[in-house]
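I opened the notebook to record what I looked up, one topic at a time.

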Amino acid sequence: MAEIRIQNLHKAFAEFTAVKDSSFTVNDGEFFCLLGPSGCGKTTTLRMIAGLELPTSGQIFLGGEDVTFKRASARDIAFVFQMFALYPHMTVRQNIAFPLVSQGMAKSEITQRVAQAANTLHITGLLDKSVSGLTSGDRQRVALGRAIVRQPMAFMMDEPLGALDAEFRELMCEELRGLHDRLGATTVYVTHDQREAMSMADKIAIMNQGVIEQLGAPQEIYERPASVFVADFMGSPSMNFIPVSAALARGATTIRVSGASLGLPAVSDAVTERPLLYGVRPEHIQLSADTGLRAEVVGVDYLGNCQIVTLTTAVGSTVRAKADVRSPAQRGDQVGLVFDAAQVSLFDAASGRALRTARDDIPVSLIGTRGGAAHG
Ligand SMILES: Nc1ncnc2c1ncn2[C@@H]1O[C@H](COP(=O)(O)OP(=O)(O)OP(=O)(O)O)[C@@H](O)[C@H]1O
Ligand SMILES: [Mg+2]
């Protein structure tokens, strides 16, 4: 298996730039997710790594070797996309063996590798069945079998679970991650689903319009989003943004919004008067009778294990708070919003970039436990 290093990768299709100056390293054995909305350049990036697309500029290293201009077939990378691309007239065994047969591998070696792959995927009992009668999950496993049987240096997976319904996707996510842990194979996994990326990835690169906005472990990205785009993309319901115009002294720990004083982690640098966005996640909001930012409850969604309370604040913005199922909030209630100051992010409204605060100096493993998340 191998490390993948991408250096200043750039891809233009005529006038349109699909990938802009992208640089990242996927460590040996890592499960790396490329995450972002439709059209942000995920597939293009993956295809360049696999050698299916030539970059306009930049370099790609596989296991330390510069493979930028190497043909796909010479790269020892298996590419798995939305599966089901199986040969319907063949058995499971023949489907899995297919890449090895095409390579002209010796029969005994093929038999052994197919058995091993089937065992890893728990589909040994299906080997002599025809693929045409299989469930979608088993077809998916066979398609994976065809990729792992090659024992490649790395796997590229492009939304492999895209065609499945939600419940089954969750199960396959677990299976895929389990498979990855058994094989220890370097994997680049493309998805537009933040939950999929958060649950599976060791590291996430979140892309927006061809640019990597942030690179980090799932918790790092969720807890310390580098931009409004990232904060908004990660989490469901997503982060709330309350617009405010203010000047802040270095070390300030409060900000005035419509008569209320909202807490902040101490800001690292003074901020001159400008439009800001006060960012707070739904799980870090408490509803209070008398203190905090005034708001009116405009909706309550009961989700079984919590309630999502939608409010309109005194400054006109919409806020979603995650509340305990016992919360008595009802549409029409006038309440105060109290925010868990230690958990707040602050953004420059014009650039969308996060402002540096004391929160950036706390080890990310401790952030979620500080101040005790409030549930109103
Ligand atoms: N061969 C091509 N010629 C012209 N434009 C292309 C080509 N391939 C991709 N693009 C454009 O590049 C952009 C990025 O495409 P890409 O397929 O990488 O996006 P993606 O992040 O994988 O999106 P999705 O989630 O929809 O699969 C898109 O705007 C797409 O239209
Ligand atoms: Mg794509």
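**Entry 1: Glu 170.** The model is a predicted one. I located Glu 170 in helix H5. I also took a distance from Glu 170 to Pro 55. Their C-alpha atoms are separated by 34 Å, and the two residues are 115 residues apart along the chain.

**Entry 2: helix H5.** I checked the length of the helix next. H5 covers residues 166-183, which is 18 residues.

Then I asked which residues of H5 are buried. I found Met 172, Cys 173, Leu 176 and His 180. They cover an arc of only 115° around the axis, so they sit on the same side of H5.

What covers the buried residues of H5? My list includes two strands, E3 (31-35) and E8 (186-191). It also includes two helices, H4 (136-148) and H6 (194-200).

I looked at the backbone just after H5 too. Gly 184 takes a positive phi there, about 65°.

**Entry 3: the nonpolar core.** I went to the largest nonpolar core, which has 100 residues. Cys 33, Met 156, Val 188, Tyr 278 and Leu 337 touch the most other members. Domain 1 (4-223) and domain 2 (228-367) each give this core at least three residues.

**Entry 4: ligand 1.** I listed the residues around ligand 1. Phe 13, Phe 16 and Ala 18 are there, along with Gly 36, Ser 38, Gly 39, Cys 40, Gly 41, Lys 42, Thr 43, Thr 44 and His 192. Strand E2 (16-26) and helix H1 (42-50) are the elements that give two or more residues to this shell. Which element gives the largest share? H1 does, with three residues.

**Entry 5: two domains.** I noted the division of the protein into domain 1 (4-223) and domain 2 (228-367). Their centres, taken over C-alpha atoms, are 37 Å apart. I found 10 residues of domain 1 in contact with seven residues of domain 2. On the domain 1 side, strand E9 (203-208), strand E10 (211-216) and helix H7 (218-223) each supply at least two residues. The largest share of that side, five residues, comes from H7.

**Entry 6: the whole protein.** The protein has 376 residues, and 39% of them count as buried. I counted nine helices and 20 strands. The C-alpha atoms fill a box of roughly 75 × 45 × 35 Å along the principal axes. Among contacts with a separation of 6 or more, 67% join residues 24 or more positions apart.

Notes: Residues are numbered from 1 along each chain as its sequence is written. Chains are lettered from A and ligands numbered from 1 in the order in which they are written. This is a predicted model: local features need pLDDT of at least 70, side-chain atom pairs count only at pLDDT 80 or more; totals for chains, interfaces and linings use all residues. Helices (H or I, at least four residues) and strands (E, at least two) are DSSP runs, numbered from the N terminus. The expected span of a helix is 1.5 Å times one less than its number of residues. A residue is buried if 20 or more other C-beta atoms lie within 10 Å of its own, exposed if 12 or fewer, and partly exposed in between; C-beta atoms are placed from the backbone. The arc is that of the directions from the helix axis to the C-beta atoms. A nonpolar core is a set of buried Ala, Val, Leu, Ile, Met, Phe, Trp, Tyr and Cys residues joined through C-beta atoms within 7 Å. Domain bounds come from an automatic or database domain assignment. A residue is near a molecule or strand if its C-beta atom, placed from the backbone, lies within 6 Å of it.
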